[in-house]
Amino acid sequence: MADNRDEKSGVSGSPNNKSSMYNRSITLTSSEFAKRSYLYNSSLSPLERSGSIKKLYNSSISSFVSAVSSGNSIKGKVKQLCSVFESSKKKPPLAEPPPPQSQLPSLKPAKSLGCSDSKVSSCCENSGIRLQGTEDRVVVYFTSLRGIRRTFEDCCAVRMIIRGFRVIVDERDISMDSAYRKELQGVLVEKNVNLPQVFIRGKYIGGADVIKQLHEVGELAKMLKGLPVRAPGYVCEGCGDVRFIPCSECSGSRKIYDEDEDQLKRCLECNENGLIRCPACCS
C-alpha cells in the first residue's frame, strides 16, 4: 500500500528520497513532466538557449549605444545651430568720427548758482529798506515753531551762520511776540513775509538764500567786521539765550489786581504770552 501511495505521488520510497523530501525537493515523473511540456522546449539545445540570452543582451547593448549616439548627434546639431545664429548676429556699427571743431555750435557758459561778489555787494548797498535804531547790531527775525519744516530749517541755518562769527545778535522770535511780526511787516511793507529776515547795521540784507550766498563768497564776514563780539561759550544767565522771561508784574498771568477799582486788569508790561524781553541780553 505504501508503494502504491509512493507511485501515485511520484516519489520513490528509497532512503535517499526521504532525505530529498526533508530538503523539500520533489522529483517529477516523466508523465507529469510531459504534461508540462510548455516549461521545456526540447527542440532547443543548451547551446542554443545560451545563444538566445547573448542575443538579447547584445540587442539591449546595441539599443543603448544607438540611443547615446542619437543624443550626441542632437547635441551636435544644437551646437551647430547656435554657432549659425551667433555668426548671423550683426556686428555693431563703427562709431562715426566726430565733426571738426569748426562745425560745432558755440556753447554759452552756464549761469553759476551763486552770485558774484560785486553783484551781492551792489544789491546790499542799494537796498533802501532800513530798520531804525539798529545801526550797531545784527537783527534776525525768525520763528522757533516747527509748523513748516523748510522755514524752521532756514531759520536755524541762518542763526548758526551768524553765530559762527561770534557777534552779538538781536534775535526776534515772532512766534513769541506778535509785535515783532507787525514791526517786520511795517518795515518791508508786505503783509506776507517769509522768514528768516536779516538786518545788518540797520540795512536790510535778505532771507536765507542771500545769507548763504554771502557766506559762501566771503562778503558776510566783511559786513560783520567791527561789530561787538561776544565771549566764546557765553550764555545769558537770565534767559538762557531764549531772549524772553516771564513778566515780573503779573508772573506771566497777564492779569494784575487793581486795588482802586477792586478788579483784575490786563497787564500792560508783557505780551500776549505773558513774557517780556530779557533785560540782560536784549537791552
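At 17% relative accessibility, Asp 241 counts as buried (buried means under 20% relative accessible area, exposed over 50%, partly exposed in between, with a 1.4 Å probe and protein chains only). Asp 241 sits in the loop between α9 (219-224) and β5 (244-246); helices (H or I, at least four residues) and strands (E, at least two) are DSSP runs, numbered from the N terminus. Its phi is positive, about 65°, although Asp 241 is not a glycine. Most residues other than glycine have a negative phi, and most peptide bonds are trans.

This is a predicted model, in which local features need pLDDT of at least 70 and side-chain atom pairs count only at pLDDT 80 or more, while totals for chains, interfaces and linings use all residues. Residues are numbered from 1 along each chain as its sequence is written, and side-chain values use heavy atoms, with hydrogens and water left out.

The loop between α7 (178-188) and β3 is worth a look too. Val 189 is found in that loop, and its phi is near 55°, again positive in a residue other than glycine. Val 189 counts as exposed because its relative accessibility is 70%. Pro 196 belongs to the loop between α7 and β3 as well, and the peptide bond leading from Leu 195 to Pro 196 is cis, with omega near 0°.

## The sheet

Four strands make an open sheet with mixed pairing, in the order β2-β1-β3-β4. β2 (169-173) and β4 (203-206) are at the edges with a single partner strand each, so one side of each has no neighbour in the sheet. On average, neighbouring strands are turned by 25° against each other, direction ignored.

Now for the pairing itself (two strands pair if DSSP finds at least two bridges between them). β1 and β2 are parallel and share five bridges, whereas β1 and β3 (residues 197-200) run antiparallel, joined by four bridges. Which residues are the bridge partners of Val 139? In β2 the partner is Asp 170, and in β3 the partner is Phe 199.

Five of the five residues of β2 are buried. Val 169, Glu 171 and Asp 173 point one way from the strand, and Asp 170 and Arg 172 point the other way.

## Helices on the sheet

β1, α6 and β2 build a right-handed β-α-β unit (right-handed if, with the strands pointing away from the viewer, the path from the first strand over the helix to the second runs clockwise). α6 lies across β1, β2 and β3, at about 165° to β1. Axes here are lines fitted to C-alpha atoms, for helices over the stretch in contact, and angles run from 0 to 180 degrees between N-to-C directions.

How do the two helices α6 and α8 meet? The axes of α6 (residues 149-163) and α8 (residues 208-217) come within 10 Å and cross at roughly 35°. Asp 154, Ala 157, Val 158 and Ile 161 of α6 make the contact with Ala 208, Ile 211, Lys 212 and His 215 of α8 (contact means heavy atoms within 4.5 Å).

## A buried threonine

Thr 134 lies in the loop between α5 (117-125) and β1 (138-142). With 2% relative accessibility, Thr 134 counts as buried. Leaving aside neighbours within four places in sequence, Thr 134 is in contact with Val 139, Arg 172, Arg 201 and Gly 202.
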